[in-house]
Every structure is written in structure tokens, then in C-alpha cells.
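Here is a short report on a predicted model. It looks at one strand and its partners, then at the nonpolar cores.

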Amino acid sequence: MAEKALKCFGAGYSVAKPLFPNRLSVKTEGHTLHVVTFQTDHKDTQILFHFDESYPSRIPKIKVSSSTLTEDQKCDLSEFLHRKGKAEEYGNSQTLPLLVEHAGKWLQENYGKKTSEVKQWNRNEIREESWQLQASPETAAVSSPDPREITTSTQRETTPTGRKQRERNGNMAPESWADSIIQLKAGDDEVTSSDWNVVESRSKPIKGSKKESQKVKFTLDSVPKLDVPADSRRANYFVAIRCTNGEIGDAVTEVVKKMLSVDSVYQPICYNRNEVHVTLTTVALHSDSDVNKAVKALQDARDVLIDHAPTSCLRISGIDEFQGSKVVFGKVSVEEDILLLRKVVRWAFEKGGIYPKDNFDYHPHMTLAKVNMGFTKKTGLRNISRVAYESLLDYKFGQQGVKGIHLCQMGHERRDDGFYVCPTQIDFKK
């Protein structure tokens, strides 16, 4: 396990363990994995958190084991915890104690209920609730320990029985907890990736292997156009590159503030720093079956998409409008590798039987404000006055690296971190 991952995991575990005495245990699996088992208040229900070397940049995978909860309830709990964990990715909070606290809260409210009675968590409810951990005096002074301290305090728990015996016989003496993890081989009870509710990290194919030899590499002119029946339904999902650069976020906040200082009536239709993105393509997904089909199409093409991850950045500078000032946006300049990524995304959808909607010239942009029907009905305004943004036409936002793509649901619902609800996303980090 990487040093950073080990240190962050240890810090969270050292905080969580005193808060939940005799309820947490650690097990090693494979070469670089920790699985933390949380024994809930209900003897038949355990929650497993699967940490690997991608932590803390990615939250742990989550599995719920229970003989009482239905499959739907286990899925609901797992997804709820996943959303909570995703909300912490951009903060400095220690993930494990928060997730354990959230799990206890969910079970307190839903254990023993029928599936139809389980509380449905929506964005507003999650944002309004307080999930503060109440640390005991003993844990208040706990700080992030050195990995060597983790070795001392948890060696007993993380070393399998057979390994303990060999150590007692003097046959082996791992230098550290991390060393013992790397040396350990997967056990018969190793959890398979299909049990977890998160996309697996991409591993590099072995050179000369079948997977390596089957790599698909396109150029801008060689991406095939597949024959997919046209779909006349309205687009309600889109694939986007999220703008996470803090410099861009600050610029968006400043631009919106200046627009609203001219006329605050536009406040409901202005985007905030958590929402801004650059759309690659749109699709119509009007049923669960459609959404599952689209998710599968992207995940089936995951390695191909990662192999076409752009190395250039989105350059966002200047402000413009279209549709008669119904949309005000930051102008985006892109290189050919980003245009190629867009084509590969569309190819992935077509290969999976999904029809990409926007078959017109591509004009990349970062939306700042957009008039909708509800706004027009309420205010009578059909566009955004140029006066609101004419002093900002040359505003420079910054550059955004392409870290991955998100399949996003259109509409007003947002995740805990303020971004769109995403059935799936693909991380380009290798």
C-alpha cells in the first residue's frame, strides 16, 4: 500500500476504533488491500470497507452483508454510504469514522422496515442533516499517527493466523505493516470486484498480454460511425468534463457575483463553482433500463476511453452567449485530443446501442447562466440582458486538466458535493 494511502488509512482507523470499541477489525487481502469490517448494532449485519492504494483520492469500496436486510435495502445502504463518501473526497475529513457513523444512522432509521418504508435520501435532506462525530475525551487528542505507530498498534489484528505462527517460529519478520500487506497472498475468501459498488481502479496490462494486444487506438479521422437507430426523445443526460480547478471556481464565483450586482433577478439561473463543466455529448435515457445500458456502454469501453485520455487542458477565457442570450458561457478552447475523446465517447455509446443526440458542430463551452421555462414564467424574462455581463467579455478563467468524464443527469438534483447526480464516471488517473 502506498505510503500516503497507508498514513491516511491509519489516521482514520485510529480515530474510528476508540469511537466504536470492539466493533472494527482489519483484514489484509491480496497485495495492497485492507478490508475493515464494521459490526453494527445488529449481529447479522456487517459493513465492509475496502481500502486500496488509490485511497484517499478515491473512497473505499463498500459492501453490506446482512441476513435481515433485503437486497434492495443493502443496495440502498451501500449507495447511501457511497454518496456520503464521495461528498468527503474534496474535504479533509477522515473517511472511515464518518462512513461508520453514517451507516449506524441509516440502520437506526431503516433496520427491520420493509423496502417500501425505507427512507429515500435526497439531496436536500442530506445537506440539511448534521453528521458530526462526537469524539470521547480519549479520542479528542488523537492525531494522524506515523505509519510505524500503526504497525505497533494494529499488527495483531491485521496478521492472519498462519502468518502469526510463522513469525513465532522465527521464519519471517516483516519490517512493517505495509511490508506484510505487500507480501501477503489473497485468501480463499477474497472479495471479488463484482461485490463492490464502485468502479475498479485501472491496472496496466502486462506487456505482450492478450489485453495489451487488443488495445484500440483511434485518430480523429478513424473513429468509426456506427449505425444506431435515431432517438427522437429529449436529451436528459450528458457526458461532461468537470471543472475542478480552484482558480476556475474562484473566477466563476467572481463573474456570477458581478452579474448579480447588475441585476439579482438572475440568481436562480446562475451556476456555481461546484456545477461548472464542459459537455462532450448528450443522450436520452428515460428509463432505468436506458440508464443501465448507457452505464454499461461506457464501462465496457473504459480502457479505450482511458487510453484516449487527453494530455492537453481546456483553456477557458472570455464570455459569450447563444440562443439570443438565453445562455451565457465561458468560451472554451480545446486541442485535437479532447475532440478525439468526444468522438470516442460517442463511439462507446453507439457500440452499446445508445444514440448520441447532438449531431451538430461541436462548440465547447462552460455555462455560467441559462434561462429556463420556470424562470421565464416567474419573471417574464426570455433572455439575459447583455448589460449584466458586457464588462466581463474578456474575463480569463484559467485552464482545466481532463481528469475523467462523468455521465450526468440533467435537472436540479445535485450530489452532496454540489455536482450533478452521476450514475457512473470514469477516472483517467493511471
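## An enclosed strand

Buried here means under 20% relative accessible area.

In a regular strand, side chains alternate between the two faces of the sheet. Both faces of S3 are covered. Thr45, Ile47, Phe49 and Phe51 are buried on one side. Gln46, Leu48 and His50 are buried on the other.

## Strand partners

S3 pairs with strand S2 (residues 33-39) in the antiparallel sense, over 6 bridges. A hairpin of 5 residues links S2 to S3. Within this pairing, His50 of S3 is the bridge partner of Val35.

S3 also runs antiparallel to strand S4 (residues 61-66), again through 6 bridges. Here Ile47 has Val64 in S4 as its bridge partner.

## Nonpolar cores

In soluble globular proteins, nonpolar side chains tend to be buried together. The largest nonpolar core holds 67 residues. Those that touch the most other members are Leu305, Phe349, Met366, Ile384, Phe397 and Leu407. Helix H13 (residues 336-351) gives this core its largest share, 8 residues.

A second, separate core has 24 residues. Phe20, Val26, Val64 and Leu96 are among them. Val64 is also the S4 bridge partner of Ile47.

## Around Met366

What does Met366 contact, leaving aside neighbours within four places in sequence? The contacts are Cys243, Ile248, Val252, Val276, His277, Val278, Ile316, Phe329, Gly330, Val332 and Phe397. Phe397 is itself listed with Met366 among the core residues that touch the most other members.

Definitions and conventions:
Residues are numbered from 1 along each chain as its sequence is written. This is a predicted model: local features need pLDDT of at least 70, side-chain atom pairs count only at pLDDT 80 or more; totals for chains, interfaces and linings use all residues. Side-chain values use heavy atoms; hydrogens and water are left out. Buried means under 20% relative accessible area, exposed over 50%, partly exposed in between (1.4 Å probe, protein chains only). Helices (H or I, at least four residues) and strands (E, at least two) are DSSP runs, numbered from the N terminus. Two strands pair if DSSP finds at least two bridges between them. A nonpolar core is a set of buried Ala, Val, Leu, Ile, Met, Phe, Trp, Tyr and Cys residues joined through side-chain atoms within 4.5 Å. Contact means heavy atoms within 4.5 Å.
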